Amino acid sequence: MRRRKVIISCAITGSVHTPSMSGYLAANPEQIAQQAIEAARAGAAILHLHARNSADGSPTPDPAVFEQFVPKIAAQTDAIINITTGGSSRMTLDDRLAYPLVAKPELCSLNMGSMNFAFHKAGSGIADWKHPWEQGHIKGSENVIFRNTFADIRDIIARLGEAYGTRFEFECYDVGHICNLAYFVNEGLLKPPLFLQCCLGIMGGLNTDPENLFLMRSTADRLLGRDNYEFSVLGAGRHQMSLVTMGAIMGGHVRVGLEDSLYLGRGQLAPSCAAQVLKIRRILEELSLEIATPSEAREILETKGADKVGFRG
């Protein structure tokens, strides 16, 4: 695979972290819009978006909430807007698809397998929770399975990819998820270029050992063909910067953002998603790696273009 410019994705808020963990976490539509716009200006070519309720910062799949910030982001940036289809492990598939089917975006995330998705240890040390929902959300994750069956994946591919030309960020938390991706390619339901996101550090998937990134890459080369996919890396928690830097050196793209880690450095909360984007951009440029613009990212991933989506800025 020839060297390309590095695409920086920024995952703004996700559905795992809660307002009690960091006062900097985007916890309402206004904050999500502001942080996304700042991240794009800092150099993020892709903005990965979840929604949060204004009242208490809880995750929501409500299209009306998404509409409070997605058009605003589209109006003020030219970044590729990537809408989650993962939503939260507690949402139904219909919940998770509610806004993507309205938005018809250029890019959506697509989780490539069911798994234990535990983050109960993230609440350690928090004595005072800001909102009633938070503690149960965090501690209860130990007993939750994140459902992404073959039928679910096929449904998402058909309803978004085939119907609207949406491309996917294939989120793979384990080697078996790459095998699942290869299955859908072999069935003729997916065509390159594939955008593979190696998600390391979630309890229930592969941890952040560097050897696991090598394993994911070699498995993808073997099953997908090196010229058929672009790979990106996210590292959950404190391993974020080191792991994504390693991925970029290996020829991949990177993902940062407060969805994946609340920190900028050891013991230092990140004041914004843009701060993380600026840090990884500086690291990559120091390594003589060039950063992709949104238009270059569209060319690399062959997305349909911002003029063919269901929302307008």
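Hi everyone, let's start with Asn28: setting aside neighbours within four places in sequence, Asn28 touches Arg52, Asn53 and Ser54. Please keep in mind that this is a predicted model.

Where does Asn28 sit? Asn28 belongs to the loop that runs between strand E1 (8-11) and helix H1 (29-42). Its relative accessible area is 18%, and with the cut-off for buried at under 20%, Asn28 counts as buried. The side chain of Asn28 also meets backbone nitrogens: that of Glu30 at 3.1 Å, and that of Gln31, which lies 2.8 Å from a polar atom of the Asn28 side chain.

Now over to helix H4, residues 93-103. Which residues of H4 are buried? They are Leu93, Arg96, Leu97, Tyr99, Pro100 and Ala103. Looking down the H4 axis, these buried residues fall within an arc of 160°, so they line one face of the helix. As a reminder, an α-helix has 3.6 residues a turn, so residues three or four places apart point the same way. The cover over the buried residues of H4 includes helices H2 (63-66), H3 (70-76) and H6, along with strands E5 (80-83), E6 (107-111) and E8 (145-146).

Let's take H6, residues 150-164. The axes of H4 and H6 come within 12 Å and cross at roughly 10°, which means that H4 is roughly parallel to H6. On the H4 side, the contact is made by Leu93, Asp94, Leu97, Pro100 and Leu101; H6 brings Asp152, Asp155, Ile156, Arg159, Leu160 and Tyr164. By class, that contact has 7 nonpolar and 4 charged residues, with no polar ones.

Finally, Lys104 follows H4, and its phi is positive, near 50°.

Conventions: Residues are numbered from 1 along each chain as its sequence is written. This is a predicted model: local features need pLDDT of at least 70, side-chain atom pairs count only at pLDDT 80 or more; totals for chains, interfaces and linings use all residues. Side-chain values use heavy atoms; hydrogens and water are left out. Axes are lines fitted to C-alpha atoms, for helices over the stretch in contact, and angles run from 0 to 180 degrees between N-to-C directions. Helices (H or I, at least four residues) and strands (E, at least two) are DSSP runs, numbered from the N terminus. Angles under 35 degrees count as roughly parallel, over 145 as roughly antiparallel, 65 to 115 as roughly perpendicular and the rest as oblique. Contact means heavy atoms within 4.5 Å. Ala, Val, Leu, Ile, Met, Phe, Trp, Tyr, Cys and Pro count as nonpolar, Asp, Glu, Lys and Arg as charged, and the others, Gly among them, as polar. Buried means under 20% relative accessible area, exposed over 50%, partly exposed in between (1.4 Å probe, protein chains only). The arc is that of the directions from the helix axis to the C-beta atoms. A polar contact is a pair of N or O atoms within 3.5 Å; within protein, one must be able to donate a hydrogen and the other to accept it, and residues adjacent in sequence count only if both atoms are side-chain atoms.
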